[in-house]
Amino acid sequence: MPTALAAAAFEHAEVGLLVLNPDGSVLIANETAALMLGHPTLLGTNLANHVADGSMRHLITRLRTGASTSENSHFGHNERELFLQLSVATVDGAAVIAVTIRDVTSEKHASDDAERTRRRLKRVF
């Protein structure tokens with residue numbers, strides 16, 4: 001794949017894409033990731049500083065033990081609560097960590113609504 005095409009696909013992806021050092025420092029990030037995390041300049045920062053509840057630290061720790069995982073995290077973004085799914089995987093053994101961020105706020109709210117409905121119906125029946 002030509003480099004320019006790959007760069008354009010990375011930059012214009014509808015999901016947030018990042019590449020991190022093993023310590024969590026951002027090497028590359030697309031604009032979608034910056035918008036989702038509410039930080040215009042992610043390069044050189046540690047992703048753990050942008051994710052609430054230490055979930056990125058947890059994911060990086062799990063990756064160091066060989067587990068790749070995906071976990072939902074929530075945090076404020078422009079005074080709006082977002083639920084983001086972070087999927088991480090090691091690349092080249094452990095030289096870098098690839099992170100995909102997807103906004104799952106709508107899915108989270110739909111799931112919560114369904115659970116509330118299930119509880120109401122359970123009380124009725």
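Colleague: How many residues sit between E1 and E2 in their hairpin, and which residue in the turn has a positive phi?

Modeller: There are five residues between the two strands, and Gly24 is the one in the turn with a positive phi, about 100°. Keep in mind that this is a predicted model.

Colleague: What makes E1 and E2 a pair?

Modeller: A pair needs at least two bridges between the strands. E1 and E2 have three bridges and run in the antiparallel sense, so they pass the cut-off.

Colleague: Which other strand does E1 pair with, and over how many bridges?

Modeller: E1 also pairs with E5, in the antiparallel sense, over five bridges. Five is again at least two, so the pairing counts. Leu20 stands opposite Ile97 in E5.

Colleague: Why do you say E1 is largely enclosed?

Modeller: Four of its five residues are buried, so the rest of the structure largely encloses the strand.

Colleague: OK, and where is Ser25?

Modeller: Ser25 is in the loop between E1 and strand E2 (26-29).

Colleague: What makes Ser25 count as buried?

Modeller: Its relative accessibility is 16%, and buried means under 20%. So Ser25 falls on the buried side of the cut-off.

Colleague: Which residues does Ser25 touch?

Modeller: Leave out residues up to four places away in sequence, and Ser25 touches Val19, Leu20, Thr45 and Asn46. Touching here means heavy atoms within 4.5 Å.

Colleague: Let's go inside. Which residues have the most contacts inside the largest nonpolar core?

Modeller: That core has 15 residues, and those with the most contacts inside it are Leu18, Leu20, Leu42, Leu47, Val99 and Ile101. Strand E1 (16-20), helix H2 (31-37), strand E4 (80-91) and strand E5 (96-103) are the elements that give two or more residues. H2 gives the most, with four residues.

Colleague: What makes it a nonpolar core?

Modeller: The members must be buried, must come from a set of residue types that includes Val, Leu and Ile, and must be joined through side-chain atoms within 4.5 Å. In soluble globular proteins, nonpolar side chains tend to be buried together.

Colleague: Now helix H4. Why is the link between Arg116 and Asp113 called a salt bridge?

Modeller: The cut-off is 4 Å from a side-chain nitrogen of Lys or Arg to a carboxyl oxygen of Asp or Glu. Arg116 and Asp113 meet at 2.2 Å, N to O, so the pair is within that limit. The two are three residues apart in helix H4, which means about one helical turn separates them.

Colleague: What links Glu115, Arg118 and Arg119?

Modeller: A network of salt bridges. Arg118 meets Glu115 at 2.5 Å, and Glu115 meets Arg119 at 3.3 Å. Both values are within 4 Å, so each pair qualifies. Arg118 and Glu115 lie three residues apart in H4, while Glu115 and Arg119 are four residues apart, again about one helical turn.

Colleague: Why are these three called partly exposed?

Modeller: Their relative accessibilities are 42% for Arg118, 26% for Glu115 and 47% for Arg119. For the protein, the count comes to five salt bridges.

Colleague: Which residues make the nonpolar surface patch?

Modeller: Leu121, Val124 and Phe125 make it, with about 390 Å².

Notes:
Residues are numbered from 1 along each chain as its sequence is written. This is a predicted model: local features need pLDDT of at least 70, side-chain atom pairs count only at pLDDT 80 or more; totals for chains, interfaces and linings use all residues. Side-chain values use heavy atoms; hydrogens and water are left out. Patches are made of residues with over 30% relative accessible area and no salt bridge: like charges are joined within 9 Å, nonpolar side chains (Val, Leu, Ile, Met, Phe, Trp, Tyr) within 5 Å. Accessible areas come from the Shrake-Rupley method with a 1.4 Å probe; for residues, only the protein chains shown count as cover. Buried means under 20% relative accessible area, exposed over 50%, partly exposed in between (1.4 Å probe, protein chains only).
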